[in-house]
Amino acid sequence: MSVPAIGFVGLGRMGTPMATRLAAAGYALQVADAVPAAVAAFLVAQPGAALLDLSEQDPLDELDILIVMLPDSNIVEAVLEEGGLAGRLRRGALVIDMSSSEPLRTTALAQRLGGLGLRLIDAPVSGGVRGAIAGTLSTMVGGAGADLDEARPVLEHLAATVIHVGEVGSGHAAKALNNLVSATTVSVTVEALQTAARFGIDPAMMTEVLNSSSGRTNTSERKVAAFMLSGTFDSGFTLPLMSKDVSIAVDLAHRIGTPGDVSDAVAQQWRGIASFAARDADHTEMYRLIGASGSEERSARS
């Protein structure tokens, strides 16, 4: 079986290590990004890769797979459709959207790309920058089984877990809903720790209680001591991105008529914090920002 030629668009904090792993695996790789310096740095580090020029209009008949790892649906659609990249691909090429896109827009995009003879699967990831570097991400895939079979060898260079969730759009829905749950556990854990501290219980002791009791979560086990109490706040996933994913999940619930009182409250909290947090603030900074210093910072900016 021949090795597919891959185009990769989006060399951000996640995209760069992911594309690096594909280059190291020996794939013929063409890369693109809105930041020329990011592309230049990648091509120096990976001399076997080539530039995918988004400004050109020449056909890209040599590409079998195009991966996009971009911030949101707006940018995905702008690159593929408004920028004309989709129209340059050969009929039958497979597009893999690994961004955190909006599920219903992904479904509509797949239909439009189908009109060009292209196939689309959505395969967003969880695991942060560390997982991208190590190749231990989890990816939730929406799309036809045959398309996933074609993509699986590529995805397995990036992710330790590949889950076929359902039809196109299902991966993006599952990713957003997973992060909604994750954000909710961050919120409630942080609030519990803040309350414990004000009562006089050391946050480290309260964390020990949580981790030995029914309140144990991924947040209490893997985030509190490592990133919150340590003050490093460097889990590798930003607060604004978490807020965006929570909003995607809540918007989906609203659109399909699912009740969500708790979800709505969580989304409101994350949106409020994200409105004044730094763009590169780690999501674990919720521990600091919704505590006393967060209240002071909000007051100072209001």
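The model is a predicted one, so local features need pLDDT of at least 70 and side-chain atom pairs count only at pLDDT 80 or more, while totals for chains, interfaces and linings use all residues. Residues are numbered from 1 along each chain as its sequence is written, and side-chain values use heavy atoms, with hydrogens and water left out.

Take Ser 187 to begin with. Ser 187 sits in helix 8, residues 170-199 (helices are DSSP runs of H or I with at least four residues, strands are runs of E with at least two, and both are numbered from the N terminus). With a relative accessibility of 4%, Ser 187 counts as buried (buried is under 20% relative accessible area, exposed is over 50%, and partly exposed is in between, using a 1.4 Å probe and protein chains only). Setting aside neighbours within four places in sequence, the residues in contact with Ser 187 are Val 266, Gln 269, Trp 270, Met 286 and Ile 290 (contact means heavy atoms within 4.5 Å). The Ser 187 side chain also makes a polar contact of 2.6 Å with the side chain of Gln 269 (a pair of N or O atoms within 3.5 Å; within protein, one must be able to donate a hydrogen and the other to accept it, and residues adjacent in sequence count only if both atoms are side-chain atoms).

Next come the charged pairs. Side chains of opposite charge can pair when their charged atoms come close. The structure has 14 salt bridges (a side-chain nitrogen of Lys or Arg within 4 Å of a carboxyl oxygen of Asp or Glu). One of them joins Asp 147 to Arg 119, with the closest N and O atoms 2.7 Å apart. This pair links distant parts of the chain, since Asp 147 is in helix 7 (residues 145-155) and Arg 119 is in strand 6 (residues 119-122), 28 residues apart. Asp 147 counts as buried at 11% relative accessibility, whereas Arg 119, at 23%, counts as partly exposed.

Asp 234 and Arg 130 form another salt bridge, with their closest N and O atoms 3.9 Å apart. Asp 234 lies in the loop between helix 10 (218-229) and helix 11 (239-256), and Arg 130 lies in helix 6 (residues 128-134), so this pair ties together parts that are 104 residues apart in sequence. Asp 234 is partly exposed at 36% relative accessibility, and Arg 130 is partly exposed with a relative accessible area of 45%.
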